[in-house]
Amino acid sequence: MSGQRGGMPDPEGAADLGQFVELLADLRAWAGMPSYRTLARRVGPLMRPARVLSLSTLADVFRPGRRRLDLDLVTAIVRALGVSEDEAGRWRESGIRVHRDAKTGGPIGVLHQLPADLAVFTGREKELADLIATTTGPGSRATTVVISAIEGMGGVGKTQLAVHAAHHLVRSGHFTDVQLYVNLHGFDPEHEPADPSEVLAAFLRQLGVPGAQVPSETGERAAMFRDRMRDRASVLILDNAGDEEQVRELIPAHSGCLVLITSRRSLTGLDGAKIHRLDVLGDADAVDLLTAVAGGERIESDRVAAAKVARACGNLPLALTIAAARLRARPSWTVFDLVEHLNRGGLDAMTVGLRSLRRVFDLSFDALPPHRRLMFLLLGIQPGTDVTTEAAAALADVGPRAARGTLEALCDEYLLLQRSPGRFELHDILRAYALETAADRLPPAERVPATDRLLTWYAQTVEAAATTLLPSLGLPPASCSTLQAPATQFTERSDAVAWLEVEHANLLAAATVAIATGRLDAAWRIPAAASVLRAVNQNWLQCEALLTEALSAVRHTGDLAAQAWLRNRLGATATELGRTREAEAMFTEALAARRRLGDRDGEAAVLNNLVIFYGRTDRPRLGLEHSVLALELARREGNTDREASALNAMAACLSRLGRNAEALEVMLEVVAIRERRGDGHRLALAYVVTGSRHLDLGRFEAAEVCDVKAREIARRSGDRFGEGEALLGQGKALLGQGRRTLAKSRLREAADIFEELDAGDYLAEARRFMTDADG
């Protein structure tokens, strides 16, 4: 219906009594939304005779579903809302008309009801094409009514797309007989959701059925509606649907009908409907919408700032429209001034006149049951970019099954995104809303324990993943805690690698929050365990950054075991980076701490790394002495993993001393221990090193056998770096045998893996041997 005239609601646009009441509510909004108490004080003296007006009497006038109105009271209300006497007379005349129509059956032949198509409609070419193709494209000759449900978050532009598509189709010669529109108020704090039976009655009157002949039963009304729509080329917009049940009876049956339904809730339960999920605008379309609303000259004057405005608005059409309207209303502002306004004001800045982004989101949030509201708010305070079901379960202190159901339900409400299976995230602007709403509605008694649970879950799970990669990790034990969603455990190395990769940004964010909130155990454990994947993949600078962050968090806690563990790891990292003085200082402090603690196993771990350090710094004899100490400690403690590590380090020193045959014998002992233990990844590494010792002795066929075994194990366990090392060793062994073509193929495979992992030194070595293969 047409209900605006010069900005003021126009009563002549009311097709029936219900729409008249809606326009009266719009007039109240136009007048600044005075409270009922204020309005009652104004209206009473304007009545004839003047009287004191109760709040309930006044409020009843604005209540949907009224059968009749006191037109004297209506006239006094519109006068109190600031309209002229002439305008008040027009309201009275329109009121008389809709009452008369209600008695005689309503207006006849109101068949072209589409709201105005917006001149600023921008973008959505693909979405529009999809809608059009559903109806008019090749193969679109339907034998039943065509139903398209346009779904998406509040403010994403669902209604505008539906209206624009309908106008486009009508202009193209489709659905020219009837165009019906109804706002179902599925999410509206000022209106009850439209009763399908009442909607059907209104449609029937508008289609020419006298009021006295409209059936009283919903089913009979629906049947008559389907009959009246038969053989009519018609488009029907059911806007703002609350759920499937609200629209089910409103759908015609004739194949010449198109039904466009908009909802901020998933309608997948509606049989026969094609779902069109509407996302935010692309970057270019977002700036184009700013241009359409604010004016091209101002936006073109600073496209960089305009892009920042679009990002601040999350490319959400309603937010963009509000921001652009604010700019248009401030002629003295530059686009950069608008950027600063948005950055300072957050969601509060996204309000203009009666349009408010916060109010749009409130409608969706307030419609949620309590447990979904709580999960939504908790997702706003969680530090990462997204969450898994298990992380959300820890956050909300529920089991994984309950968490999954709640997350999926929030996706159905278009308050949450699932861009990949099992991972959920909030749109940036909804995240800001959730964070601000949590500050107001989520008390510290709920917020603080939730953060504790999540950080505990991350710390436990990242340690489980790191230990799967490196069983000898040996992190000092953490304090016990019980979670309904226990830490994820990993049986396959490849699963641990995949989890650490995809969760890396979330882990860093969690560690930052842990530091900021004084949760120091999580603050060092999370980055410390996360560093293991970087070490395994030889990304030593990233590994060092994580370990340094962890040491900074634990330095002042007095936790000597944690400090010793971190200094030992930092010493090993500094060794790989060639920082000998720094490495030696770290090892010295770590070894002293282990001895003060009486931690023999930890002492052996430091000694193993010292052996490697001495071997790398041309002090292999000193390294050999330390390897003997480490081996004695490991055997005394019965730790076969440490024993194998000590022997591995011993072999490296023997090799540096030119005692290659002895080094090979020691490595064969390492392989035997790793095979007995079933060490997987570490067995593959032992085979790679053993292959290198065979190469030292010119035993190329034996070296190849070791590297082939190493590659099989590495591939099976998802160890990409280990696979690259095995391929590099095999390539060298094949070169030694003169098999240049196959050698080059293996070396190329190794180079591809090292390039993928950003392992520069290894990549350079692989390419160098590829050149040798060419020669």
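A residue counts as exposed when its relative accessible area is over 50% and as buried when it is under 20%. This is a predicted model, and in it aspartate 618 has a relative accessible area of 60%, so it falls in the exposed class. Aspartate 618 sits in the loop between helix H28 (600–616) and helix H29 (620–637). Its phi is positive, at about 60 degrees, even though aspartate 618 is not a glycine.

Histidine 185 is another non-glycine residue with a positive phi, near 50 degrees. Its loop runs between E4 and H8. Histidine 185 has a relative accessibility of 8%, so it counts as buried. There's also a cis peptide bond to look at: it joins arginine 48 and proline 49, with omega at about 0 degrees. Proline 49 belongs to the loop between helix H2 (36–43) and helix H3 (55–61).

## The five-stranded parallel sheet

Five strands make an open sheet in the order E4-E5-E6-E3-E7, and their pairing is parallel. Strand E4 (178–183) and strand E7 (273–277) are at the edges with a single partner strand each, so one side of each has no neighbour in the sheet. From one strand to the next, the twist averages 15 degrees.

Take the pairing of strand E3 (residues 146–151) with E7: the two run in the parallel sense and share five bridges. Within that pairing, alanine 149 has isoleucine 275 of E7 as its bridge partner. Helix H7 (residues 158–171) lies across E3, E4, strand E5 (234–239) and strand E6 (257–263), and runs at about 165 degrees to E6.

## The three-stranded antiparallel sheet

Here the order is E10-E12-E11, again an open sheet, but with antiparallel pairing. Strand E10 (387–388) and strand E11 (417–420) take the edges; each has a single partner strand, so one side of each is left without a neighbour in the sheet. E10 pairs with strand E12 (residues 423–425) in the antiparallel sense over two bridges. Valine 387 has phenylalanine 424 as its bridge partner in E12.

Glycine 422 is in the loop between E11 and E12. With a relative accessible area of 31%, glycine 422 is partly exposed. Setting aside neighbours within four places in sequence, glycine 422 is in contact with Val387, Thr388 and Thr389. Glycine 422 and glutamate 390 are 32 residues apart in sequence, with a C-alpha to C-alpha distance of 9.3 Å.

## How H8 and H9 pack

The axes of helix H8 (residues 196–206) and helix H9 (residues 218–229) come within 9 Å and cross at roughly 35 degrees. That crossing is left-handed. H8 brings Ser197, Glu198, Leu200, Ala201, Phe203 and Leu204 to the contact, while H9 brings Thr218, Arg221, Ala222, Met224, Phe225 and Arg228. Sorted by type, the contact residues are seven nonpolar, two polar and three charged.

## Nonpolar cores

The largest nonpolar core has 133 residues, and Phe376 and Trp524 are the ones with the most contacts inside it. So what does phenylalanine 376 touch, not counting residues up to four places away in sequence? Phe365, Leu410, Leu415, Leu426, Leu430, Tyr433 and Ala434.

Notes. Residues are numbered from 1 along each chain as its sequence is written. This is a predicted model: local features need pLDDT of at least 70, side-chain atom pairs count only at pLDDT 80 or more; totals for chains, interfaces and linings use all residues. Side-chain values use heavy atoms; hydrogens and water are left out. Axes are lines fitted to C-alpha atoms, for helices over the stretch in contact, and angles run from 0 to 180 degrees between N-to-C directions. Helices (H or I, at least four residues) and strands (E, at least two) are DSSP runs, numbered from the N terminus. A crossing is left-handed if the near helix is turned anticlockwise from the far one by less than a right angle, and right-handed if clockwise. Contact means heavy atoms within 4.5 Å. Ala, Val, Leu, Ile, Met, Phe, Trp, Tyr, Cys and Pro count as nonpolar, Asp, Glu, Lys and Arg as charged, and the others, Gly among them, as polar. Two strands pair if DSSP finds at least two bridges between them. A nonpolar core is a set of buried Ala, Val, Leu, Ile, Met, Phe, Trp, Tyr and Cys residues joined through side-chain atoms within 4.5 Å. Buried means under 20% relative accessible area, exposed over 50%, partly exposed in between (1.4 Å probe, protein chains only).
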